[in-house]
Amino acid sequence: MTARTVLACTGAVVVGLALFLLPPRILSSFGLNQLSIMIIMALFGLSQGFLWGFGGIMSFGQSAFFGLGAYAYAIAAIALGGSGSAVALAIAIPAIFAALLGYFMFYGRVSDAYVGIITLTIAVILSNVMNSTAGDVYQIAGVPLGGFNGIPGVPPLAMPTTGEYLDYDGTWYVAVGSLVVVYIGLRGILASRFGRVVVAIRENETRATLFGYDPRLYKLIVFALSGGIAGLAGSLYTAWSGFVSPTVFDLSMAAQSVIFVLIGGLGTLLGPILGAVFIQYLMTVVGTQQVLNASLLLGIILVVFVLLVPKGALPMARLYAGRAWRVLSAAKTRAPRSRLEVPS
Amino acid sequence: LALSALVTLNVLNSIATLLLLSLGIGVIYGMMKVINFAHGEFLMLGAYATVIAANAGVNIWIAMLIIAPLSVGLFGFVVERCLIRHLYGRIIDTMLATWGLSLIIVGLVTSFIGTTIQGVSTPLGGLSIGFYQTSVYNLFIIVMAALVTLALWATLRFTRYGMIVRATMQNPAMASALGVSPSRIYMGTFVLGSALAGLAGGIVAPISGVAPTMGMAFMVKAFITVAGGGAAIITGTSLAAGLFGLVNEATTFLTTPVFGQVAMLATAVVMIRILPQGITGRFFRRNV
């Protein structure tokens, strides 16, 4: 380990700790609340970033798992009272649902495009089903689902030991803590043998199969993991807003997760986080004025990025920073510039 | 007897609607391997074109059968030239870009027209079977679906244009070497698919409310129908529409429309597990 890496690591830890500890001390409750939702959406973005960027699976209906997590938390938190088991359920149910769906899709060996269509369909159907659950007939564990109006009065996260509800600061720490844990967990998975096989399958499925790995199983596990992460994000979202309605299944929600990854950078884990924070900030700004419709704005961003910046902002920035660095160092040393270009 | 006649009519009607919705996607996806996520919004534009024209005093049939397909076909032309053209062969990118397009269209329509549900009255009046009342318009939908499907099938099967299109679809490089311009064929096919979406939008406008977000619900149904149909566009889409329409309507009859949709989707997912290439991947392979 060189001195520079040590310095970089220390720098990252210091900046990270500052970002973690400072906001509750310097921001107003409102500001902190806004920041918390950015972090929760970043977690949602991470689920798509892992699935799409590393598993090579494109889910157009990631909101299905987000929404399932959100509803699972709402129902469990009201029915059982504790938030620890509610969050656990909100991770487990979407993960199991994703595994089941993944079985049909991956063991049926459908093409990437069909995976997109099927996930999209699932999200739309879930949204329709939840919208039609008005009335007393539709309840789970004594909690009425409420149809279009959703479930109000969902208790926030609570301390597992004392049962005391967390305030804004507490929610912030939980959100950031979850994001960090998931990020490090995913890094660990990607560094492991399993993660390498997953990436190998993304690169060349046939070759991976010929080496004796079963792509179907690996894709299934990645899909279920991603569903679980999206469910966790959904549960935190419900805990944050204290309310859940069928809008969590909306396609604009699913579109957001794709946009986070697309603008942040496909094939990175940091990109989706930055993308989520940026888009969420933009949405807050757009929400304060009437001229530009949010859906219109998301659409424009999506089209512009697909056409002009298909790799996303982070890899693009790295590419240009690399080029600038080479040009600068070449100018300094007067060395002949390498003819080798970075393949784009 | 009257009840069974009514149920049969409803099943046929459900199949016909599904078929009308799916043909446009079938043409664009089957021929060009382009998945147009904005197809539902094309349909929505067709429905709006019908409603606006009809409310402006144009004869409803002209609005529905001529103005809607023409205007959406024209819109499809602009979209193909400006957007789709750059993305051929990049299937995921096309899906993303057209998804963006769909969000843009929804946003624009919401801003300019508003979210109020609009409609036109259903033409042709009612029809009674025994004790039950139904609308003659349902019969019209069935006839239209059959006509459009037959016309499309005959065009692809028997005309010179159909042959060129099928050749381009099989082997673009070879077709190009023989003097066909694939890019123009793709353009024409996309416009045709868009016009079919406009027509479907015009036809469903009187029976469903017209709102900016109406497109998505129709589109997902149409997508799974096309996916379930497989490679032979018209045969496959018709068969899948038949199966899914039957499941949907039968479950709706027994429970509620929402469970009808769920049953239809469950059928589609299970079927994709059994027949990953769609119905025509296994049966009727040599059809159009």
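**Exercise 1.** In which helix of chain A is A:Ser257 found? Work out its surroundings too.

*Solution.* Keep in mind throughout that this is a predicted model.
- Step 1: Locate the residue. A:Ser257 sits in helix H10 of chain A.
- Step 2: Check its accessibility. The relative accessible area of A:Ser257 is 0%, and buried means under 20%, so A:Ser257 is buried.
- Step 3: List its contacts. Leaving out residues up to four places away in sequence, A:Ser257 touches A:Phe44, A:Gln48 and A:Gln62.
- Step 4: Look at the polar side. A polar atom of the A:Ser257 side chain lies 2.9 Å from the backbone oxygen of A:Ala254.

**Exercise 2.** Describe how chain A and chain B meet.

*Solution.* 
- Step 1: Count the residues. On chain A, 39 residues are in contact with 39 residues of chain B.
- Step 2: Take the area. The size of an interface is often given as the accessible area lost when the parts come together. Here the two chains, A and B, bury about 3500 Å² between them, and 82% of it is on carbon and sulfur atoms.
- Step 3: Look for charged and polar links. Between chain A and chain B there are 0 salt bridges, and 1 residue pair is in polar contact, with both residues at pLDDT 80 or more.
- Step 4: Find the helices on the chain A side. Helices H4 (83-107), H5 (112-131), H10 (251-264) and H12 (294-308) of chain A each supply at least two residues to the side that touches chain B. The largest share, 13 residues, comes from H5(A).
- Step 5: Sort that side of chain A by class. It has 29 nonpolar, 8 polar and 2 charged residues.

**Exercise 3.** Which residues touch the most other members of the largest nonpolar core?

*Solution.* 
- Step 1: Name them. The core has 196 residues, and those touching the most other members are A:Tyr73, A:Ile151, A:Phe223, B:Phe42, B:Leu96 and B:Trp99.
- Step 2: Find the main contributor. Helix H1 (residues 2-32) of chain B gives the most to this core, with 15 residues.
- Step 3: Zoom in on one member. Beyond its neighbours within four places in sequence, A:Tyr73 has contacts that include A:Ser83, A:Val87, A:Val154, A:Pro156, A:Leu157 and A:Thr238.

**Exercise 4.** How many salt bridges does a search of the whole structure find over all chains? Examine some of them.

*Solution.* 
- Step 1: The search finds 4 salt bridges over all chains.
- Step 2: Take a pair in chain A. The closest N and O atoms of A:Glu203 and A:Arg202 are 2.8 Å apart. A:Glu203 is exposed at 57% relative accessible area, while A:Arg202 is partly exposed at 32%.
- Step 3: Take another pair. A:Asp214 and A:Arg216 form a salt bridge with closest N and O atoms 3.2 Å apart. A:Asp214 is partly exposed at 27%, and A:Arg216 is partly exposed at 24%.
- Step 4: Move to chain B. B:Arg81 and B:Glu80 meet in a salt bridge of 3.1 Å, N to O. B:Arg81 is partly exposed at 25%, whereas B:Glu80 is buried at 0%.

**Exercise 5.** What is the phi of B:Lys33, positive or negative?

*Solution.* 
- Step 1: Recall the background. Most residues other than glycine have a negative phi.
- Step 2: Read the angle. B:Lys33 has a positive phi of about 55°, although it is not a glycine.
- Step 3: B:Lys33 lies in the loop between H1 and helix H2 (39-55) of chain B, and is partly exposed at 46% relative accessibility.

Terms used:
Residues are numbered from 1 along each chain as its sequence is written. Chains are lettered from A and ligands numbered from 1 in the order in which they are written. This is a predicted model: local features need pLDDT of at least 70, side-chain atom pairs count only at pLDDT 80 or more; totals for chains, interfaces and linings use all residues. Side-chain values use heavy atoms; hydrogens and water are left out. A nonpolar core is a set of buried Ala, Val, Leu, Ile, Met, Phe, Trp, Tyr and Cys residues joined through side-chain atoms within 4.5 Å. Buried means under 20% relative accessible area, exposed over 50%, partly exposed in between (1.4 Å probe, protein chains only). Helices (H or I, at least four residues) and strands (E, at least two) are DSSP runs, numbered from the N terminus. Contact means heavy atoms within 4.5 Å. Buried area is the accessible area (1.4 Å probe) that two parts lose on being put together, summed over both. A salt bridge is a side-chain nitrogen of Lys or Arg within 4 Å of a carboxyl oxygen of Asp or Glu. A polar contact is a pair of N or O atoms within 3.5 Å; within protein, one must be able to donate a hydrogen and the other to accept it, and residues adjacent in sequence count only if both atoms are side-chain atoms. Ala, Val, Leu, Ile, Met, Phe, Trp, Tyr, Cys and Pro count as nonpolar, Asp, Glu, Lys and Arg as charged, and the others, Gly among them, as polar.
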